Amino acid sequence: MRIFDPHIHMTSRTTDDYEAMYAAGVRALVEPSFWLGQPRTSVDSFTDYFDALLGWEPYRAAQFGIQHYCTIALNPKEANDPRCAGVLDVLPRYLAKDRVVAVGEIGYDSMTPEEDVALARQLELAVEHDLPAMVHTPHRDKAVGTRRTLDVVRESGIPPEHVLVDHLNELTVSQVADSGCWMGFSIYPDTKMSEDRMVRILQEHGTERMLVNSAADWGRSDPLKTRKTADAMLAAGFDDDTVDQVMWRNPVAFYGQSGRLDLEDVKPDDTSLYQGNSIKRGGE
Amino acid sequence: MEPHIPTALDRQLTLDAQRWLTDAVARVGQDPAAVRTVFPAVGRHCGRGPLAAGWTVADAARARLVAALPLRGVALAEEVTDLHRYGDAAEQRAVLRSLALLDEADASFADLGLPLVRAALRGNDTDLIEAALGPYAARRLDHDGYRHAVLKCVFCGIPLDRIAGLDERADRELARMLADFAHERVAAGRDVPADIWPVVRAHPGTLEASGLPEETDSPVPERRDAAVRALAAFTATAPAGAA
């Protein structure tokens, strides 16, 4: 089974996770830029983070046979902090990079006027750079937030097939399905969305434009939720080809619209270096 | 830049790539800020393969973009420094390789690119160190900086024939440093890279002063053997500058 995790924050995961993900079938992933669990206090800390998403992290992933791509953006939460909003001015430099396959995560957190500005501006950037957009929906007041997100997407003029609306559930999936945007689901250990609920959504809404991710980060989360959902699909009677569509072909089709996916197998190579450094410890 | 690089680039680019690059050069000529988004995109549009003399296709295409910047002096250095700051390894390498070109085209650029050379020399990426030690560094680094750059190459295993200006800039102090380095290696029972010997040979007395020859009398067999091997290599080498 081949798996493409379209949303996972690997900078906060260990090499054990990479090993287990490879063993479970993960061969490619997208790491969206987001916040750090505590506030950034300057634009420079964003640019160092973007550099890591484009440098050290793809190197680390490649050591385990996994292709690492990323999305770049000012996240909704920090769009509210005047110390961080200046990052919008340096985004164009990063959106031009080879391994950037979308603008994201953008969207709403608390639906403030500052978030409105950042979302609209970044959808504009996606259009200018001919990139897809990866849009997060708020965890609080989700149904209203999703509706407002879709309104802003529509007003921006970005084609709906260039937009992935993420963190959906039973109550928000229909409006996104009707919009023509792609639908993303984050499968978490206890809350928000489980493998079995995901299977029911796929049974009800079909598998077109559907993406499943683990959204694993530094919180309680599980980088193998993609595989576990695939197993739950098979157990529920979906065939191998449909599982491959959801777990591989759909994310490849969505992010492939960037023109920057190159999914040749990465051969693990423990002799290579990044900036002269390796992931080995001791013995050097 | 070696004069044949632009010709080699034109031969290697596909028609689509040529069109893209011509358009990108024109945009940068009109609006220097355009370089910030076309410079990172070069690999996708022009290719990344080898070209000639250690240059890649992307290096040469990026050099052309930088050369098109309608800026001089401090403003030019700031734009180029930002390309380096926000660049990945391939972009940084191209910036470093372009420095000689900028220096030749604009006398007011002068030493303003040296901080980028020094940043590469502080790092461990041999590709960047090699790119940093082109004609610009050979012209602009001070004596001490140049000598330490050579020593860094020896430590990193970069062949010395890949760095510019060694014949002109190697001096007695560099020969002393390399001879001391050789002694240190021999005292550890290790071999010495052969390409340091021409420099040491060109400055008579530096090897003797390092204390290396006495290692042939060492009671430790590994040191003795390493010293014998090093002296044999030294004797078999023609001094730098000799035809």
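How many residues does the contact take from chain A and from chain B?

## Contact between the chains

The contact draws on 12 residues from chain A and 12 residues from chain B; two residues are in contact if their C-beta atoms, placed from the backbone, lie within 7 Å. On the side of chain A that touches chain B, the elements giving two or more residues are helix H2 (43–54) and helix H4 (91–95) of chain A. Helices (H or I, at least four residues) and strands (E, at least two) are DSSP runs, numbered from the N terminus. The residues on this side of chain A comprise three nonpolar, five polar and four charged. In this division, Ala, Val, Leu, Ile, Met, Phe, Trp, Tyr, Cys and Pro count as nonpolar, Asp, Glu, Lys and Arg as charged, and the others, Gly among them, as polar.

## Basis of the model

This is a predicted model, in which local features need pLDDT of at least 70 and side-chain atom pairs count only at pLDDT 80 or more, while totals for chains, interfaces and linings use all residues. Residues are numbered from 1 along each chain as its sequence is written, and chains are lettered from A and ligands numbered from 1 in the order in which they are written.

## Overall form of chain A

Chain A contains 10 helices and eight strands. Its C-alpha trace spans about 55 × 50 × 35 Å along the principal axes.

Of the 284 residues in chain A, 44% are buried. A residue is buried if 20 or more other C-beta atoms lie within 10 Å of its own, exposed if 12 or fewer, and partly exposed in between, with C-beta atoms placed from the backbone.

## Strand E2 and its partners

Strand E2 (residues 26–32) of chain A is mostly covered, with six of its seven residues buried. Strand E1 (residues 3–5) of chain A runs parallel to E2(A) and is joined to E2(A) by three bridges; strands pair if DSSP finds at least two bridges between them. Val26(A) in E2(A) is the bridge partner of Ile3(A).

E2(A) also pairs in the parallel sense with strand E3 (residues 67–72) of chain A, over five bridges. Here Glu31(A) stands opposite Cys70(A) in E3(A).

## Ser278(A)

Ser278(A) lies in the segment after helix H10 (240–256) of chain A. Ser278(A) is partly exposed because 14 other C-beta atoms lie within 10 Å. Ser278(A) and Gln63(A) are 215 residues apart in sequence, and their C-alpha atoms are 9.5 Å apart in space.
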